[in-house]
Amino acid sequence: MTTVIETQALTKIFGQKKIAVNDLYLSVPKNSIYGFLGPNGAGKTTTIKMLLGLIKPSAGTIKIFDQPMRMDSVALRKRVGYLPTHPTYPDKMTPIKYLDFIGKIFGIPREKRIPRISELVRSTDLLGLSSSEIRKFSTGETTRLGIATCLMNNPDLLMMDEPTTGLDPIGRASAISLITELGKDPSKTIFISSHILADIERFCTHVGIVSNGKLIFNGTISEVKKLTNANSIILELEGDMHMFTQFLQTMPNILKHETSPGIVRVYLRDITYYKETVLQLFQFIADNPYQLISFKSGSENLEDAFLQLLEEEKSDGFLRGIARAL
Amino acid sequence: MDSYEASLERSNGDNSINNIKLGGEMEDNLSPGLKEGIMGRISIDFSFITVYLTLTAHEVKIGMKSRLQMVWMYLCLFYGILILLSVRDISALASLLTFFINFGTIIAFSTAGSSISGEIGGIADTLLSKSVRRWQYVLAKHTAHVFISLVTFLALIGLEIGILWMMKALPEDLKVVQVVIIISLNALVLVAFNTLGIMLSSFFAKPVFAILGSFLVWFVLIFLFILTPMWFPYSPVVFNSYFAEIIADTWGEQPYWHLFLFYGCCPIVFILMSVISMYIKDF
């Protein structure tokens with residue numbers, strides 16, 4: 001599998017005081033939509049800025065498209081688009097003038113630049129605002145301009161730092177639909193940092209979870225879900241709940257269950273027999289007068305997975321540290 | 001002499017020249033090795049100049065539109081007219097130079113002081129994450145601020161000298177070289193304060209510190225000499241007070257080249273320091 005971003009032992013310590021990123025091994029496959037997930041202050045923005053060469057790493061290496069990223073790696077940055085969390089632009093410029101300026105910086109010739117601006121203004125829904133000054137823009141409109149700006153050079157890699165933060169529901173939906181559209185382009189790799197799990201779950205194919213500057217998971221979305229909480233099933237049912245719970249007590253692979261009106265959460269004793277247990281449950285529902293409204297495997301919930309991984313990191317971190325030291 | 005024709009082939013709009021084609025007799029007369037060398041792919045990338053010029057033009061546009069700069073330009077014009085109404089001889093030029101040294105320097109470092117620190121975490125990040133090198137970014141800032149400052153200064157001085165000349169108010173034995181010397185010295189002071197502001201702006205994270213730092217230098221080099229009768233030839237207030245002697249070329253206190261060297265080297269040092277600072281800095 002070709003990787004677009006690869007870091008090894010990437011570390012950033014600010015002023016010998018704060019460890020922002022700690023020994024980060026990141027691997028982003030080509031043509032993926034990679035969600036870089038972590039709570040606030042986990043080191044996501046610092047990592048992105050190091051990947052872009054804006055911040056110098058204290059230790060470790062960064063390779064983008066198999067080439068080391070340095071402060072003045074201009075040729076490499078021509079293949080990258082970056083959307084900061086809160087993009088800021090010259091107040092008195094219009095989007096068209098700003099995009100033209102960015103196009104000139106990338107050395108795009110006029111005959112290519114003008115159609116490109118027109119295409120981007122249309123696709124980011126900025127046509128109605130094309131003659132307005134940027135200072136009059138809302139947060140959502142500024143984000144849309146940010147997306148247009150980072151697409152100006154038609155990059156192979158897009159880096160977006162919390163693109164949906166601070167947006168109202170309409171702005172968020174618009175940004176999500178734009179990112180989803182971009183994700184459909186097989187030539188592009190998208191790296192999105194966020195702490196909003198719903199967004200990551202919605203359009204990402206791969207995920208990296210970072211906590212306290214350390215990568216605690218790196219894999220596909222389904223892998224993270226499988227890894228955690230796969231030992232539970234949530235059933236939404238209509239029918240005799242008492243009979244159903246009695247049946248659950250007879251099943252050897254069921255450790256415990258929790259019931260609330262119409263919903264049963266079942267915890268499995270052994271994940272190895274997951275398929276057999278689910279089949280048995282479905283068979284019982286089919287044989288009896290039950291209406292199955294919904295079925296959800298515990299592993300489908302990214303939020304649970306995320307929280308569980310963070311908890312595990314907290315409790316295991318100390319022991320792992322000692323083990324490594326030994 | 002052999003005739004030849006040459007053509008350059010540009011690559012896909014990235015401003016680099018890929019092939020140089022030679023034709024006519026010259027191509028035929030070349031040895032195979034030399035021909036291969038010349039005809040081979042020569043890649044000269046000029047994009048760094050384009051980026052620098054684009055950035056500079058952008059900074060000039062932004063700077064010219066800034067409210068402070070606009071107010072300053074109108075104020076200069078108003079003051080220039082006011083002087084010409086009251087004084088109609090060469091001393092009008094001395095008044096205008098003093099005005100620029102006393103107040104123009106403040107405007108120079110005030111606008112320059114926020115130029116980099118005010119953009120860190122915002123516009124600077126956006127630009128430096130694209131195909132902009134750090135030195136291009138800093139150098140464009142310096143060039144644009146110096147350009148705006150000098151255009152305002154030289155336009156007004158030129159206008160005033162022109163009006164005085166048309167009014168036949170200039171002395172007949174006026175030495176042009178001496179006028180150029182005093183104007184150039186004042187222009188260099190403005191350049192020094194501009195570059196100082198940008199240098200400090202690249203050092204500090206907050207614009208207020210850059211402006212305070214520049215203000216301190218302004219206080220020591222200019223304001224102190226307005227208030228007190230102290231004598232230090234490198235202070236623009238002091239050398240401007242000898243305006244009449246400099247114009248008449250009778251000022252023997254200090255060789256001009258000392259002043260030119262001092263005010264010529266300061267901007268170079270400031271520019272170098274700011275470039276170095278940008279390469280040490282995290283964004």
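**Exercise 1. Which helices of chain B each supply at least two residues of the nonpolar patch?**

Solution. This is a predicted model: local features need pLDDT of at least 70, side-chain atom pairs count only at pLDDT 80 or more, and totals for chains, interfaces and linings use all residues. Residues are numbered from 1 along each chain as its sequence is written, chains are lettered from A and ligands numbered from 1 in the order in which they are written, and side-chain values use heavy atoms, without hydrogens and water.

- Step 1. List the patch: Phe203(B), Phe204(B), Val208(B), Phe209(B), Leu212(B), Val269(B) and Met273(B), with about 610 Å² of accessible area together.
- Step 2. Recall the rule. Patch residues have over 30% relative accessible area and no salt bridge; like charges are joined within 9 Å, nonpolar side chains (Val, Leu, Ile, Met, Phe, Trp, Tyr) within 5 Å. Areas come from the Shrake-Rupley method with a 1.4 Å probe, and for residues only the protein chains shown count as cover.
- Step 3. Assign helices (DSSP runs of H or I, at least four residues; strands are E, at least two; numbering starts at the N terminus). The two are H9 (207-227) and H12 (256-280) of chain B. H9(B) gives the most, with 3 residues.

**Exercise 2. Is Val208(B) buried, partly exposed or exposed?**

Solution. 

- Step 1. Apply the cut-offs: buried is under 20% relative accessible area, exposed over 50%, partly exposed in between (1.4 Å probe, protein chains only).
- Step 2. Val208(B) has a relative accessible area of 48%, so Val208(B) is partly exposed.

**Exercise 3. Describe how H8(B) and H9(B) cross.**

Solution. 

- Step 1. The axes of H8 (residues 176-203) of chain B and H9(B) come within 8 Å and cross at roughly 145°. Axes are lines fitted to C-alpha atoms, for helices over the stretch in contact; angles run from 0 to 180 degrees between N-to-C directions.
- Step 2. Name the contacts (heavy atoms within 4.5 Å). H8(B) contributes residues including Phe193(B) and Gly197(B), and H9(B) residues including Gly213(B) and Trp218(B).

How values were computed:
Salt bridge = Lys/Arg side-chain N within 4 Å of Asp/Glu carboxyl O.
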